[in-house]
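Here is a short briefing on one protein chain. Please keep the sequence and the structure in view while reading.

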Amino acid sequence: GDEVVAFEPAFDIYTAQTQMCGATLRTVPLFLEKRSSDGEQAWVFDLAKFAAAFTAKTRMLILNTPHNPTGKVFTAAEMEAIAAVVRKWPNVVVVADEVYEHLVYTDGGGGGGSPPRHIHFAALPDMYARTLTVSSAGKTFSCTGW
């Protein structure tokens, strides 16, 4: 009867893992939004829909950044907004799937500015004790399957 919140599209194993535990996956859509007159787009989410996904049954948030499959790197402002929602739910644990933390690339969209920067969710105020960070030597060192 517990619930897990995740962004979608999502890494395909999240649904099966949630079901195997007898929980329900509640998803919040990521969508492409036009950001400039030159057609540059960015993956974004609706903060109100994200907050509404949490209920008294929510026990976990799976936060995947850099995101698989979109490549989205959540911004500092987005990460703080996510943390603000999590702070309202003291029984929620965050599984921070950060296996691509060292693989952050610019999109080449000509938007200028600084390239995206990975932020560890556990480094945000009050999140260290509530976060389980998952990383991967296989992804970082190109040795998956070893």
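The second largest pocket holds about 310 Å³ of space. Of its 16 lining residues, Q17, T18, M60, I62 and V95 are the closest to the centre. The model is predicted: local features need pLDDT of at least 70, side-chain atom pairs count only at pLDDT 80 or more, and totals for chains, interfaces and linings use all residues. Residues are numbered from 1 along each chain as its sequence is written, and side-chain values use heavy atoms, with hydrogens and water left out.

**Pocket**

- β1, α1 (13–20), β5 and β6 each give two or more residues to the lining of the second largest pocket.
- α1 supplies the largest share of that lining, four residues.
- A pocket is an open set of points on a 1 Å grid over the protein atoms alone, where a 1.4 Å probe fits, with protein on both sides within 12 Å along at least five of seven lines; lining residues have an atom within 4 Å of a point.
- Points are joined across faces, edges and corners, and the volume is the space filled by probe spheres set on them.

**Overall layout**

- The chain has four helices and seven strands.
- Their order along the sequence is β-α-β-β-β-α-β-α-β-β-α.
- Helices (H or I, at least four residues) and strands (E, at least two) are DSSP runs, numbered from the N terminus.
- Of the 146 residues in the chain, 35% are buried.
- Buried means under 20% relative accessible area, exposed over 50%, and partly exposed in between (1.4 Å probe, protein chains only).
- Among contacts with a separation of 6 or more, 62% join residues 24 or more positions apart.
- A contact means heavy atoms within 4.5 Å.

**Nonpolar cores**

- In soluble globular proteins, nonpolar side chains tend to be buried together.
- A nonpolar core is a set of buried Ala, Val, Leu, Ile, Met, Phe, Trp, Tyr and Cys residues joined through side-chain atoms within 4.5 Å.
- The largest core has 23 residues, and F7, F50, L61, L63, F74, I82 and F121 touch the most other members.
- β1 (3–8), β5 (58–64), α3 (76–87) and β6 (93–97) each supply at least two residues of this core.
- α3 gives the largest share, five residues.
- Beyond its neighbours within four places in sequence, I82 contacts F7, F45, F50, L61, L63, F74 and F121.
- A second, separate core of five residues includes V4, A6, Y14 and I62.

- β3 (residues 31–34) and β4 (residues 41–44) pair in the antiparallel sense over four bridges.
- Two strands pair if DSSP finds at least two bridges between them.
- K34 has Q41 in β4 as its bridge partner.
- Six residues separate the two strands of the hairpin, and G39 in the turn has a positive phi of about 90 degrees.

- L30 sits in the loop between β2 (24–29) and β3, and L30 is buried at a relative accessible area of 7%.
- L30 and F7 are 23 residues apart in sequence, with their C-alpha atoms 6.4 Å apart in space.
- Outside four places in sequence, the contacts of L30 are F7, E8, P9, W43, V44, F45, H67, T70, K72 and F74.
- D97 belongs to strand β6 and is buried, with a relative accessible area of 10%.
- Leaving aside neighbours within four places in sequence, D97 contacts Y14, L63, N64, T65 and V134.
- T131 lies in strand β7 (residues 131–134) and counts as buried at 15% relative accessibility.
- A polar atom of the T131 side chain lies 2.6 Å from the backbone oxygen of M127.
- Not counting residues up to four places away in sequence, T131 touches V94, A96, F121 and A122.

**Backbone exceptions**

- Most residues other than glycine have a negative phi, and most peptide bonds are trans.
- The peptide bond from T65 to P66 is cis, with omega near -10 degrees.
- The peptide bond from N68 to P69 is cis, with omega near 25 degrees.
- P66 is in the loop between β5 and α3, and P69 is in the loop between β5 and α3 as well.
- D126 is a residue other than glycine with a positive phi, near 70 degrees.
- D126 is placed in the loop between β6 and β7 and is exposed, with a relative accessible area of 58%.

Methods: A polar contact is a pair of N or O atoms within 3.5 Å; within protein, one must be able to donate a hydrogen and the other to accept it, and residues adjacent in sequence count only if both atoms are side-chain atoms.
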